[in-house]
Amino acid sequence: MNALLGSFVVLATFVTLCNAQCYFIPNESSTSNGCKDLNGVTHQLKSDWNTDNCETCHCDDAGIHCCNTAAIPTDYDRDKCQAVLNKKTCTYTVLEKKNPLKTCTVKAWVL
(Lines give C-alpha, C1' and ligand atoms only; values in the text may rest on other atoms or scores of the structure.)
Protein backbone atom coordinates (compact mmCIF):
# COMPACT_ATOMS: atom_id res chain seq x y z
CA MET A 1 0.00 0.00 0.00
CA ASN A 2 2.86 2.40 0.80
CA ALA A 3 4.41 1.73 -2.61
CA LEU A 4 1.14 2.60 -4.31
CA LEU A 5 0.80 5.80 -2.31
CA GLY A 6 4.42 6.70 -3.07
CA SER A 7 3.79 6.16 -6.78
CA PHE A 8 0.81 8.50 -6.68
CA VAL A 9 2.87 11.19 -4.91
CA VAL A 10 5.62 10.95 -7.55
CA LEU A 11 3.07 11.04 -10.38
CA ALA A 12 1.29 14.05 -8.86
CA THR A 13 4.63 15.86 -8.53
CA PHE A 14 5.43 15.33 -12.21
CA VAL A 15 1.95 16.42 -13.28
CA THR A 16 2.20 19.67 -11.32
CA LEU A 17 5.66 20.36 -12.73
CA CYS A 18 4.50 19.92 -16.31
CA ASN A 19 3.82 22.99 -18.40
CA ALA A 20 1.99 22.55 -21.68
CA GLN A 21 4.00 25.42 -23.16
CA CYS A 22 7.40 23.85 -22.44
CA TYR A 23 9.14 20.64 -23.43
CA PHE A 24 12.40 18.80 -22.79
CA ILE A 25 14.70 16.85 -25.13
CA PRO A 26 17.12 14.65 -23.16
CA ASN A 27 20.74 14.37 -24.26
CA GLU A 28 21.28 11.04 -26.02
CA SER A 29 25.00 10.85 -25.18
CA SER A 30 26.60 11.49 -21.79
CA THR A 31 29.93 12.39 -23.46
CA SER A 32 28.39 15.10 -25.61
CA ASN A 33 29.76 18.64 -25.53
CA GLY A 34 26.41 20.00 -26.63
CA CYS A 35 22.77 19.30 -27.32
CA LYS A 36 21.20 18.17 -30.59
CA ASP A 37 17.80 19.75 -31.32
CA LEU A 38 14.89 18.23 -33.26
CA ASN A 39 16.35 19.59 -36.53
CA GLY A 40 19.70 17.87 -35.91
CA VAL A 41 21.51 21.13 -35.06
CA THR A 42 24.01 20.86 -32.19
CA HIS A 43 24.07 23.71 -29.65
CA GLN A 44 26.87 24.39 -27.15
CA LEU A 45 26.37 23.54 -23.48
CA LYS A 46 25.01 26.46 -21.42
CA SER A 47 23.81 28.23 -24.58
CA ASP A 48 20.43 29.89 -25.16
CA TRP A 49 18.65 30.53 -28.46
CA ASN A 50 15.28 31.34 -30.00
CA THR A 51 13.60 29.10 -32.56
CA ASP A 52 11.65 30.06 -35.68
CA ASN A 53 8.50 28.86 -33.86
CA CYS A 54 8.73 31.52 -31.11
CA GLU A 55 10.35 29.32 -28.47
CA THR A 56 13.30 30.09 -26.27
CA CYS A 57 15.62 27.14 -25.60
CA HIS A 58 18.52 26.32 -23.29
CA CYS A 59 21.12 23.53 -23.50
CA ASP A 60 22.55 21.98 -20.32
CA ASP A 61 24.05 18.62 -19.33
CA ALA A 62 20.60 17.00 -19.13
CA GLY A 63 19.42 18.19 -22.55
CA ILE A 64 17.39 20.95 -24.19
CA HIS A 65 14.65 22.85 -22.38
CA CYS A 66 12.33 24.92 -24.62
CA CYS A 67 9.35 27.12 -23.78
CA ASN A 68 6.89 29.01 -25.92
CA THR A 69 7.26 32.81 -25.86
CA ALA A 70 4.01 33.70 -27.63
CA ALA A 71 0.75 34.11 -25.71
CA ILE A 72 -1.71 31.62 -27.24
CA PRO A 73 -5.40 32.51 -27.62
CA THR A 74 -7.58 29.86 -25.98
CA ASP A 75 -11.10 31.20 -25.54
CA TYR A 76 -12.55 32.36 -28.86
CA ASP A 77 -15.12 31.13 -31.38
CA ARG A 78 -13.14 28.37 -33.13
CA ASP A 79 -15.92 27.70 -35.63
CA LYS A 80 -15.93 31.29 -36.87
CA CYS A 81 -12.30 32.32 -36.23
CA GLN A 82 -8.72 31.10 -36.53
CA ALA A 83 -5.51 31.98 -34.71
CA VAL A 84 -2.63 33.16 -36.92
CA LEU A 85 0.95 33.31 -35.59
CA ASN A 86 3.19 36.16 -36.75
CA LYS A 87 6.63 34.52 -36.43
CA LYS A 88 8.46 37.86 -36.74
CA THR A 89 6.73 39.40 -33.70
CA CYS A 90 5.81 36.12 -31.94
CA THR A 91 2.24 37.26 -31.50
CA TYR A 92 -1.08 35.70 -32.43
CA THR A 93 -3.94 37.48 -34.13
CA VAL A 94 -7.37 35.86 -34.17
CA LEU A 95 -9.18 36.53 -37.44
CA GLU A 96 -12.50 35.57 -38.94
CA LYS A 97 -12.21 32.65 -41.36
CA LYS A 98 -14.61 34.19 -43.90
CA ASN A 99 -13.22 37.73 -43.57
CA PRO A 100 -9.53 37.66 -42.54
CA LEU A 101 -9.49 41.47 -42.34
CA LYS A 102 -11.79 41.33 -39.30
CA THR A 103 -10.46 40.37 -35.85
CA CYS A 104 -12.32 38.20 -33.36
CA THR A 105 -12.80 38.68 -29.65
CA VAL A 106 -10.50 36.57 -27.46
CA LYS A 107 -11.53 36.04 -23.84
CA ALA A 108 -8.43 34.18 -22.58
CA TRP A 109 -4.74 33.79 -23.47
CA VAL A 110 -2.16 31.29 -22.19
CA LEU A 111 1.59 31.85 -22.00
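Modeller: This is a predicted model.

Colleague: Where is glutamine 21 found?

Modeller: Glutamine 21 sits in the loop between helix H1 (2–17) and strand E1 (22–26).

Colleague: Is glutamine 21 buried or exposed?

Modeller: Buried means under 20% relative accessible area. Glutamine 21 has 18% relative accessibility, so it counts as buried.

Colleague: Which residues does cysteine 66 touch, beyond those up to four places away in sequence?

Modeller: Cysteine 66 touches Gln21, Cys22, Tyr23, Thr56 and Cys57.

Colleague: How should I read a nonpolar core, and which residues make up the largest one?

Modeller: In soluble globular proteins, nonpolar side chains tend to be buried together. Here the largest nonpolar core has 7 residues: Ile25, Cys35, Trp49, Cys57, Cys59, Ile64 and Cys66. Strand E5 (55–59) and strand E6 (63–68) are the elements that give two or more residues to this core. Another core, of 5 residues, lies apart from it and includes Tyr76, Cys81, Cys104 and Val106.

Colleague: How many helices and strands are there in the protein?

Modeller: The protein has 1 helix and 10 strands, and from the N terminus the order is α-β-β-β-β-β-β-β-β-β-β.

Colleague: What share of the residues is buried?

Modeller: Of the 111 residues in the protein, 23% are buried. The accessible surface comes to about 8300 Å², and 56% of that surface belongs to carbon and sulfur atoms.

Definitions and conventions:
Residues numbered from 1 in each chain as written. Predicted model: local features only at pLDDT ≥ 70, side-chain atom pairs only at ≥ 80, totals over all residues. Heavy atoms only, no water. Helix = DSSP H or I, 4+ residues; strand = E, 2+ residues; numbered from the N terminus. Buried < 20%, exposed > 50% of the residue type's maximum accessible area, 1.4 Å probe, protein only. Areas by Shrake-Rupley, 256 points an atom, 1.4 Å probe, with all protein chains shown as cover. Core = buried A, V, L, I, M, F, W, Y, C linked by side-chain atoms within 4.5 Å. Contact = heavy atoms within 4.5 Å.
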